[in-house]
Amino acid sequence: MSTIVDDTTIQARLVEEKPTIDPADLTPRKPKRGHLEAQKQVEGADGSKFRLILRQNCLDVQDFSVILGWEMPSLMRLFKLRRCNGRSHEHRNPLEQGEVFFDFHVHTATERYQARGYSEEHYAEPTNAYTDLHGAIRHLLETCAFQPPAQETLL
């Protein structure tokens with residue numbers, strides 16, 4: 001059986017302060033099996049290692065994912081904390097009486113879904129916080145404790 005990460009640990013990694021990232025540095029450019037991809041590794045204030053992964057389908061502009069993963073050494077894999085998806089497919093939350101929707105949506109890791117054998121970030125909620133890849137990037141950076149860019153001071 002795989003290790004289950006509890007909700008307290010998940011929340012602590014989501015709110016752990018992370019460095020400023022320029023969204024322009026996250027534009028997917030590397031071709032990979034029908035989509036473009038970008039990745040960036042960062043270290044949090046508490047020393048946690050994170051990886052941002054961005055994917056954009058080459059044919060469908062609404063088919064994208066912006067993923068924040070935690071590089072957890074004891075798991076020997078990337079633990080996906082949050083994933084902002086485009087409006088390209090139907091999503092079903094099986095533990096919520098089969099709740100189904102077709103919309104932009106945000107996946108968040110949960111202890112409950114892991115305990116029932118689903119992927120850590122299976123649970124998702126529809127959102128109107130973004131309508132494209134760049135909006136999803138901004139949303140993930142804003143909601144996962146990345147420091148905002150420094151404001152330019154006008155003289």
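**Exercise 1. Decide whether Thr131 is buried or exposed, and place Thr131 in the fold.**

Solution. Thr131 has a relative accessible area of 60% and is therefore exposed, given that buried means under 20% relative accessible area, exposed over 50% and partly exposed in between, for a 1.4 Å probe and protein chains only. Thr131 belongs to the loop between β9 (124-126) and α3, where helices (H or I, at least four residues) and strands (E, at least two) are DSSP runs numbered from the N terminus.

The model is predicted, so local features need pLDDT of at least 70 and side-chain atom pairs count only at pLDDT 80 or more, while totals for chains, interfaces and linings use all residues. Residues are numbered from 1 along each chain as its sequence is written, and side-chain values use heavy atoms, with hydrogens and water left out.

**Exercise 2. Describe the largest nonpolar core and the contacts of Val66.**

Solution. A nonpolar core is a set of buried Ala, Val, Leu, Ile, Met, Phe, Trp, Tyr and Cys residues joined through side-chain atoms within 4.5 Å. The largest such core holds 30 residues, and those touching the most other members are Leu52, Val66, Leu68, Phe79, Leu81, Leu140 and Phe146. Two or more residues come from each of α1 (7-15), β2 (35-43), β3 (49-57), β4 (64-72), β5 (77-85) and α3 (133-143). In soluble globular proteins, nonpolar side chains tend to be buried together.

Next, take Val66 and set aside its neighbours within four places in sequence: Val66 is then in contact (heavy atoms within 4.5 Å) with Ile53, Leu54, Arg82, Arg83, Cys84, Leu133, Ala136, Ile137 and Leu140.

**Exercise 3. Classify the ring pair of Trp70 and Phe79, and find the charges that sit over rings.**

Solution. Rings of Phe, Tyr and Trp (its six-membered ring) pair if their centres lie within 6.5 Å, and planes under 30 degrees apart count as stacked, over 60 as edge-to-face and the rest as tilted. The whole structure contains 6 aromatic pairs by this search. For Trp70 and Phe79 the ring centres are 6.2 Å apart and the planes stand at 85 degrees, so this pair is edge-to-face. Both partners are buried, Trp70 with a relative accessible area of 11% and Phe79 at 0%. Elsewhere, one aromatic cluster is formed by Phe64, Phe104 and Tyr130.

For the charges, the test is that NZ of Lys or CZ of Arg is within 6 Å of the ring centre and within 35 degrees of the ring normal. The charged end of Arg13 sits over the ring of Trp70, 5.6 Å from its centre, and that of Lys18 sits over the ring of Phe146, 5.7 Å from its centre.

**Exercise 4. Trace the surroundings of His105, Ala124 and His139.**

Solution. Begin with His105, which is part of strand β8 (residues 105-108) and is buried at 0% relative accessibility. Beyond residues up to four places away in sequence, His105 touches Arg83, Cys84, Asn85, Gly86, His89, His91, Ala124, Glu125, Pro126, Thr127 and Tyr130. The C-alpha atoms of His105 and Glu125 lie 5.4 Å apart, although 20 residues separate them in sequence.

Continue with Ala124 in strand β9, also buried at 0% relative accessibility. Apart from neighbours within four places in sequence, its contacts are His91, Asn93, Glu99, Phe101, His105, Val106 and His107. Its C-alpha atom is 5.2 Å from that of Val106, 18 residues away in sequence.

Finish with His139 in helix α3, which is buried with a relative accessible area of 16%. With neighbours within four places in sequence left aside, His139 is in contact with Cys84, Val106, Ala129 and Tyr130.

**Exercise 5. Examine the backbone at Arg33 and Ala145.**

Solution. Arg33, in the loop between β1 (30-32) and β2, is exposed, with a relative accessible area of 74%. Its phi is near 45 degrees, a positive value in a residue other than glycine. The C-alpha atoms of Arg33 and Thr108 are separated by 25 Å, and the two residues are 75 residues apart along the chain. Ala145, in the segment after α3, likewise has a positive phi, near 65 degrees, in a residue other than glycine.
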